[in-house]
Amino acid sequence: MHECRIYKMFIMLKGTMILTIAKNIQDFTESIPEGVKLLAVSKTRSIDEIKEAFEAGQRDFGENKVQELVDKFESFDTTIRWHLIGHLQTNKVKYIVGKVFLIHSLDSIKLLEEIEKRYKDANLIANVLIQINIGREQSKTGIFKENLEELLSRIEKCSNVKVKGLMAVIPKGSDMENKFYFKEMKKIWDSLRERQFENITMEYLSMGMTNDYKLAILEGSNLIRIGEGIFGKRNYNI
Ligand SMILES: *Cc1c(COP(=O)(O)O)cnc(C)c1O
C-alpha cells in the first residue's frame, strides 16, 4: 500500500518533468523570431531527457564534451543534429567525424588542419563556426579577433572545411556589458559577410544562452544555445 503510493508519486513527478521540458521547447519555439535557430544544450542531461525534447520536436542539440556526444550519438537516429559547442582538442577530432552537424569551436590553425585532414580522409565535409574570444578572457577558448585574418586565409585553402559563421561565449556581466560584446560580434560577422571568400559564408551568428538570449537576438544572434532554460538547473555532480 505504502509502496504503491510512493510509486504513484514518482510517476506523477516524472510526468511533470516531462511536461516541463516539452513545454519549455514549445515556449521557446513560439517566442523566438523566425530565422532564429534554437539549440538545446543537453550536456549532463540523460538520454531520457533528450528524448523528451526530441519528441517535442526539437532536433538540434549541443554538447560540450566529445566523449559525451559520442556516447549519446548511438541512442538516436540520423534526424537528430548534434552540435559540438565546447572546446575541441586536436586529438579528439577523429572521434566526431561524421557525427556532428556543426562544430561551433574552431579556434586555431592547428585545429583547422586536423579537421581538414580527418574529414578529407573520410571524404566528408566539416561545417564549422569560428569561435571568437570576444571578451579576451584567459579562462575562455576562442581566437582573438586580430588573429582572424590568418585563420581565414588558411580556411580558404581547405577542401573539406566550410565555415558557416561565428560563435562566442561572452564574459559574465551586466546587460550593458553583454550588449557591448554582442554588438562587437555582430560587427565582425557583418564585416565578413560583406566579403567574398572561398569556403566561408556567414550564415550563423551563434550567441546567447539562457540568461541573455533575448538581448543576443536583439543584437543579431540567429542561433541561441539554451541549456537550463529548457532542461532546468544542471547538476554536475551526478
Ligand atoms: C552550457 C553552455 C550553454 C548553455 O548555457 P545555459 O546557461 O544552460 O543556457 C551555451 N553555450 C555553451 C558553449 C555552453 O557550454
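**Loops and the ligand site: what the terms rest on**

Modeller: Ser221 is placed in the loop between helix H8 (213–218) and strand E8 (223–226), where helices (H or I, at least four residues) and strands (E, at least two) are DSSP runs numbered from the N terminus. This is a predicted model, in which local features need pLDDT of at least 70 and side-chain atom pairs count only at pLDDT 80 or more, while totals for chains, interfaces and linings use all residues. Residues are numbered from 1 along each chain as its sequence is written, and side-chain values use heavy atoms, with hydrogens and water left out.

Colleague: Why is Ser221 called buried?

Modeller: A residue is buried under 20% relative accessible area, exposed over 50% and partly exposed in between, with a 1.4 Å probe and protein chains only. Ser221 has 3%, and therefore counts as buried.

Colleague: What makes the pairing of Ser221 with Leu205 a polar contact?

Modeller: A polar contact is a pair of N or O atoms within 3.5 Å; within protein, one must be able to donate a hydrogen and the other to accept it, and residues adjacent in sequence count only if both atoms are side-chain atoms. Here a polar side-chain atom of Ser221 is 3.3 Å from the backbone oxygen of Leu205, so the distance falls within that limit.

Colleague: How do you know which residues surround the ligand?

Modeller: The criterion for being near a molecule or strand is a heavy atom within 4 Å of it. The residues around the ligand are Val41, Lys43, Ile85, Met167, Val169, Met209, Thr210, Arg225, Ile226, Gly227, Glu228 and Arg234.

Colleague: What makes up that shell by class?

Modeller: Ala, Val, Leu, Ile, Met, Phe, Trp, Tyr, Cys and Pro count as nonpolar, Asp, Glu, Lys and Arg as charged, and the others, Gly among them, as polar. On that basis the shell around the ligand holds six nonpolar, two polar and four charged residues.

Colleague: Why is Thr44 called partly exposed, but Asn123 exposed?

Modeller: Thr44, in the loop between strand E1 (37–41) and helix H2 (47–55), has 24% relative accessibility and so falls in the partly exposed range. Asn123, in the loop between helix H5 (109–121) and strand E5 (126–131), has 66% and therefore counts as exposed.

Colleague: What makes the phi angles of these two residues worth noting?

Modeller: Most residues other than glycine have a negative phi. Thr44 has a positive phi of about 70°, and Asn123 has one of about 55°, although neither is a glycine.

Colleague: Why is Thr79 called partly exposed?

Modeller: Thr79, in the loop between helix H3 (66–73) and strand E3 (81–84), has a relative accessible area of 40%, so it is partly exposed. Its C-alpha atom is 9.8 Å from that of Phe54, 25 residues away along the chain, and Phe54 is one of the buried residues of H2.
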